[in-house]
Amino acid sequence: MPGLVWDEVRCFFDPGLMGALPEVWVADASVADWQVVLDLIEAHPWGSEYLEGDVVMPLPSAEQVLSRPEDAECPTLRVRPAPDVLAIFRFLSDDTIDFDVDLRELQGQERLDILCEFITAIGRRLGKPVMMSPEGDRGQDHPVLGFDVEADRVVLLARPLPD
């Protein structure tokens, strides 16, 4: 199956257009879905680091981290699908799996392929779409690309801007 081609999607990886940290998410999630993602991350050779504040800690279960007190600081899980590619998961709610990627790290076909493989691994394991939209699109109204469950690959969801 053909993947995304850098020259066709580069506008969606422009930090000036999309913001440096676009929104990546899985909607209609559950605590069980979060656990599936945590298990996937632990099973892969991706580097990962769970932090509460600035303190690195062992990765708890999804139920533990998502049932923290409301006034507790939001922990993060930093995952490196490749040495210079970082995804930062934020445990903001149990019904949306939410993470950021840094577009400055995702320039060129090789890095695009790494992102697509990472998103595909999550989407396949969950059997759910994984979407990416511009930074600040908290309403998740403007996805530009995402894992399509039926197509079993990452597809464009918006028309690229002309050069």
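Throughout these legends, a residue is called buried under 20% relative accessible area, exposed over 50%, and partly exposed in between (1.4 Å probe, protein chains only). The model is predicted, so local features need pLDDT of at least 70 and side-chain atom pairs count only at pLDDT 80 or more, while totals for chains, interfaces and linings use all residues. Residues are numbered from 1 along each chain as its sequence is written, and side-chain values use heavy atoms, with hydrogens and water left out.

**View 1. The loop between β8 and β9, seen at Glu 150 and Asp 152.** Helices (H or I, at least four residues) and strands (E, at least two) are DSSP runs, numbered from the N terminus. Glu 150 sits in the β8–β9 loop and is exposed, with a relative accessible area of 78%. From C-alpha to C-alpha, Glu 150 lies 9.3 Å from Pro 129, and the two are 21 residues apart in sequence. Asp 152 belongs to the loop between β8 and β9 as well; its phi is positive, about 60 degrees, although Asp 152 is not a glycine. Asp 152 is partly exposed, at a relative accessible area of 25%.

**View 2. The strands β8 and β9 in their sheet.** Strands count as paired if DSSP finds at least two bridges between them. Here β8 (residues 145–148) and β9 pair in the antiparallel sense over 4 bridges, and Asp 148 has Arg 153 of β9 as its bridge partner. Step back to find an open sheet of 9 strands with antiparallel pairing, in the order β3-β2-β4-β5-β6-β1-β7-β8-β9. At its edges are β3 (55–57) and β9 (153–156), each pairing on one side only.

**View 3. Glu 105, a buried acidic side chain.** Look for Glu 105 in the loop between β6 (97–101) and α5 (109–126). A polar atom of the Glu 105 side chain lies 2.8 Å from the backbone nitrogen of Leu 86. Beyond its neighbours within four places in sequence, Glu 105 is in contact (heavy atoms within 4.5 Å) with Arg 80, Asp 84, Val 85, Leu 86 and Arg 111.

**View 4. Asp 28, in the loop between β1 (23–26) and α3 (31–43).** Asp 28 has a positive phi, near 50 degrees, in a residue other than glycine. Asp 28 is exposed, with a relative accessible area of 68%.

Note on methods. Lys and Arg count as positive and Asp and Glu as negative; His and the chain ends are not counted. A salt bridge is a side-chain nitrogen of Lys or Arg within 4 Å of a carboxyl oxygen of Asp or Glu. A polar contact is a pair of N or O atoms within 3.5 Å; within protein, one must be able to donate a hydrogen and the other to accept it, and residues adjacent in sequence count only if both atoms are side-chain atoms.
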